[in-house]
Amino acid sequence: MHQEKQESQDGRILIYPDYNIRVSSQKNIYGEKFVLRLLKKNAGIKRIFELGFPEDETLVNKCFNKRNSISIIAAPTGEGKTTTLYSIIDFLNSPNINITTIEDPVEIRIPGLNQIEIDAKTSFSGSLRTVLRQDPDIILVGEIRDLETAEIAMQSGQTGHYVLSTIHTIDAIEVITRLRKLGISNYDIASTVASAVSQRLVRKLCPHCKKERNFTDEEKKVIETIGKKYGVDFDTSGKTYDAIGCKECNQIGYYDRIGIFEILSIEDEIKQLIVDDASSIEIRNEALKHSYKPLVIDGIGKVINGTTNLAEINKKLLIY
Ligand SMILES: [Zn+2]
């Protein structure tokens, strides 16, 4: 990064053997604000199910194994979208398929993949055009940020490729709204988008010090209300845990993180609603009749099984 420059910059600190630090700076009225993101190097690729993705291989195959389509991972920054993309690529990777990625920057190097890093001279859309001439089977586009990239990604998905990408929205349903706002037609969205996945990262309770107790009446009420709303029966007769803190977890009470997920598979009825320009509320209601379950349902599932607790879910999803 340029030390004397008083303008927004992105950069990396590469001096530590085990970690990369992604640095973003922005000028403000007092000077500069810096945000540092700590990324473990060579963290390896986790299996999709290790990330917390629902243990359902049929569902994963249904959502991600399609030709002629596009799948989108949607979440705010720092919620693990890139890690999920890599795990999906790893799930789909085999020697006889050709996978190309276009990233900004390349965060994990994976053997057997053609990974392209965009820089000041290249853009997602420009790189994607070049990639298409090489006719890969699967294309990972790091992020859909603008209409140009969205349009080429959609065209790629319509011409025999399978495209994976990410977009900044709060949930899977909002992916449709975002693509509409970018300027993609309802027809193109309905015919090309196969699935949208959203996720959040929550902290896992430290297994060494988590303290068992019964759910309180208030917690039971929160869980039952949400369960009733989405037609899911949660059993709150089991135990839940408080975060305590010990030397294993640096006195924090939590150790490591896990993803909570929601998966929207674009079924025919949903395609029809998209073509009819239905609102996201109408699309959500239809999706709920199919396999779609909102983030909070997977989150509460991970509270019931003792992986995390309700306070941690509430920090991400504001459920009470
Ligand atoms: Zn602990």
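## Basis

Residues are numbered from 1 along each chain as its sequence is written. In this predicted model, local features need pLDDT of at least 70 and side-chain atom pairs pLDDT 80 or more, while totals for chains, interfaces and linings use all residues; side-chain values use heavy atoms, without hydrogens or water.

Cys246 and Cys249 are both buried, meaning under 20% relative accessible area with a 1.4 Å probe, protein chains only.

## Second largest pocket

The volume of this pocket is about 370 Å³. Its lining has 16 residues; Lys229, Tyr230, Pro294, Val296 and Leu317 are the closest to its centre. Helix H7 (217-230) and helix H10 (295-304) each give two or more residues. H7 gives the most, with 4 residues.

A pocket is an open set of points on a 1 Å grid where a 1.4 Å probe fits, with protein on both sides within 12 Å along at least five of seven lines; lining residues have an atom within 4 Å of a point. Helices are DSSP runs (H or I, at least four residues), numbered from the N terminus.

## Thr149

Thr149 sits in helix H4 (residues 147-158). Thr149 counts as buried because its relative accessibility is 1%. Beyond neighbours within four places in sequence, its contacts (heavy atoms within 4.5 Å) are Phe124, Ser125, Leu128, Val141, Glu143 and Ile144.

Notes:
Points joined across faces, edges and corners; volume = space filled by probe spheres on them. Buried < 20%, exposed > 50% of the residue type's maximum accessible area, 1.4 Å probe, protein only.
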